[in-house]
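User: I am new to this structure and would like to learn how to read its features one at a time. Could you take me through some of them, giving the general idea before the case at hand?

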Amino acid sequence: MTTTVSKDSTATRKRSISTAPPSMKVLAVKILFLAIVDAVAVFAMSMLFFRGDWLVLGIVAVTTLLVNIVYLSPGLLPGKYLTPGLIFLAVFQVFVVVYSLYIAFTNYGDGHNSTKEDAISAIVLQNTQRVEGSPTYLVQLVEGPGGLGLLATSPEGEVLVGTQEEPLQPLDPGAVTLDGDRAVAAEGWTSLQQQDVLQRQQEVAALQVPLSDDLADGFLRTTDARNAFVFQSIFVYDEAAGTMTDTTTDTVYADLGNGQFETEGGEVLGTGWQIVVGPENFLYPFENPRFGGALLGVAVWTFAFAILSVGLSFFLGLFLALTLNDPRMRSRKVYRVLSILPYAFPSFLSALVWLGLLNTEFGFVNEVLFGSANIPWLTDPWLAKFSVLLVNVWLGFPYMFLVCMGALQSIPEELTEAATVDGANGWQVFRGIKFPLLLVSTAPLLISSFAFNFNNFNTTYMLTRGGPRMEGVTENVGHTDLLITLVYKTAFEGGNRDYGLAAALSILIFIVVAAVSAISFRQTRALEDLH
């Protein structure tokens, strides 16, 4: 006896299952989860509101609303699974790319990392001198929600308190504790003891509390944590004219649209601000021939390093796989274990070990293998490139060995046996059967290995830090630098860290790697179709 079920009844049952009300436990967990998400979102939006980041605030608000709609609606089942992944994709991928692209069109870097208002405040604060004949304020160092501050008693007996961010404000006498004529404590503030002051001498010496909202009125500074004097900046900012004047030399610095105050003769104040400079960072290598030539050399070496690393590692791994896959080879398991040992250690530790081995003065290679020779493995431009490539191949061939071993073992024995019966020798079997089939399975891995070595930061940086440095180039560029190490050094090393230029270079790296990968994968598909 057979039972038939109509399609309509099946569809009805599926709809009833998908729209069935959730259990109370599931509903409670869902509400708790949404409550946590909403609480974090409200906190983030409040912070963004006070900072005035309206665009980000709007994105967070819309995202939070969509999350609540998706998880509170009875349907939208695919959305419930996709929403977390989409959010993480947006935050950790899309946002990073978009933000890097934005930074690449700015002058963001040392001396240009904030707003114009912050730059003006920094210039004024960093160039102060004591006002001759200024009155003495009796002070007590205190700490509050705004950080370190001064509890000051003026010569007239008025008690005031302020921090570097908040100017001096008068206090209610009833909220102050006096020790003679000197205020020593105030409600809402923690007075620092002498031991605390000694431990924070640098903070105390750098502390400058504005007398009022107008920074031109001066600041209070103390050196002994008991007496403070009035200091005034030697720079005066004219908001109407948009200029900064050095009162000691009467030199006028103007905002000429370059994100800094500068004179007509090109003299620049050290502190600037962030502005959009357009494609300037992308054009910089073309406008600076020395840096452009160095960048071209780094790009050529990066391609050579990636191609040679992949090629040498692959063929060395393939050779070992063929050798250790031969049943006539004795102790194959022991040799296989020894072959993958470099792969078992972290690459940065292995690079540090090689750094000691290749040391010119006391390294094992020079002292033992070359009889105390003085070979500059890491300081000569060509030897340094050879050393970096050698170490990288040593680190990379075990991976290729494992890949090739697995690919060879997956090739059916019937194919090689049939070719042998037809009279083919070992080389013909390898060239006509094994190697083409091997390439089909390993080509995507070779492409990913190329992309990895193109951005192989660890080996180069741990061994040579990109050195030895190129002569005649003001930027910190070395002979063994890859594009990725050059980006890192441009952003985080040297006296002039330029995040905008580093972001532009990283975008160029992304474009190059994406283009090479796309072309390579197209060739891989053609190879698969051929076989």
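User: In which sense do strand β6 and strand β7 pair, and over how many bridges?

Analyst: Please keep in mind throughout that this is a predicted model. Strand β6, which covers residues 176–179, and strand β7, which covers residues 182–186, pair in the antiparallel sense, and four bridges join them. Within this pairing, L178 has A183 of β7 standing opposite. The hairpin of β6 and β7 has two residues between the strands, and G180 takes a positive phi there, near 75°.

User: Which residue other than glycine has a positive phi near 65°, and where is it found?

Analyst: That residue is A225, whose phi is near 65°, and its place is the loop between β10 (219–222) and β11 (227–233). D250, which is not a glycine either, has a positive phi of about 60° and sits in the loop between β13 (243–246) and β14 (251–255).

User: Are A225 and D250 buried or exposed?

Analyst: A225 is buried, because its relative accessible area is 9%, under the 20% that marks the limit for this class. D250 counts as exposed because its relative accessibility is 60%, and that class begins over 50%.

User: How should I read a salt bridge, and which residues are linked in a network of them?

Analyst: The general idea is that side chains of opposite charge can pair when their charged atoms come close. In this structure the count comes to seven salt bridges, and E143, R200 and E203 are linked in a network. The side chains of R200 and E143 meet at 3.0 Å, N to O, and this pair links distant parts of the chain, with R200 in the loop between α6 (194–199) and α7 (201–206) and E143 in strand β2, 57 residues apart. R200 also meets E203 in a salt bridge, at 3.2 Å from N to O. E143 is partly exposed, with a relative accessible area of 31%, and E203 is likewise classed as partly exposed, at 41%.

User: Which residue forms a salt bridge with R465?

Analyst: The partner of R465 is E493, and their closest N and O atoms are 4.0 Å apart. This pair, too, links distant parts of the chain, 28 residues apart, with E493 in the loop between α18 and α19 and R465 in the loop between α17 and α18.

User: Where is the cis peptide bond?

Analyst: The bond from G467 to P468 is cis, with omega near 0°, and P468 lies in the loop between α17 (457–463) and α18 (483–492).

Terms used. Residues are numbered from 1 along each chain as its sequence is written. This is a predicted model: local features need pLDDT of at least 70, side-chain atom pairs count only at pLDDT 80 or more; totals for chains, interfaces and linings use all residues. Side-chain values use heavy atoms; hydrogens and water are left out. Two strands pair if DSSP finds at least two bridges between them. Buried means under 20% relative accessible area, exposed over 50%, partly exposed in between (1.4 Å probe, protein chains only).
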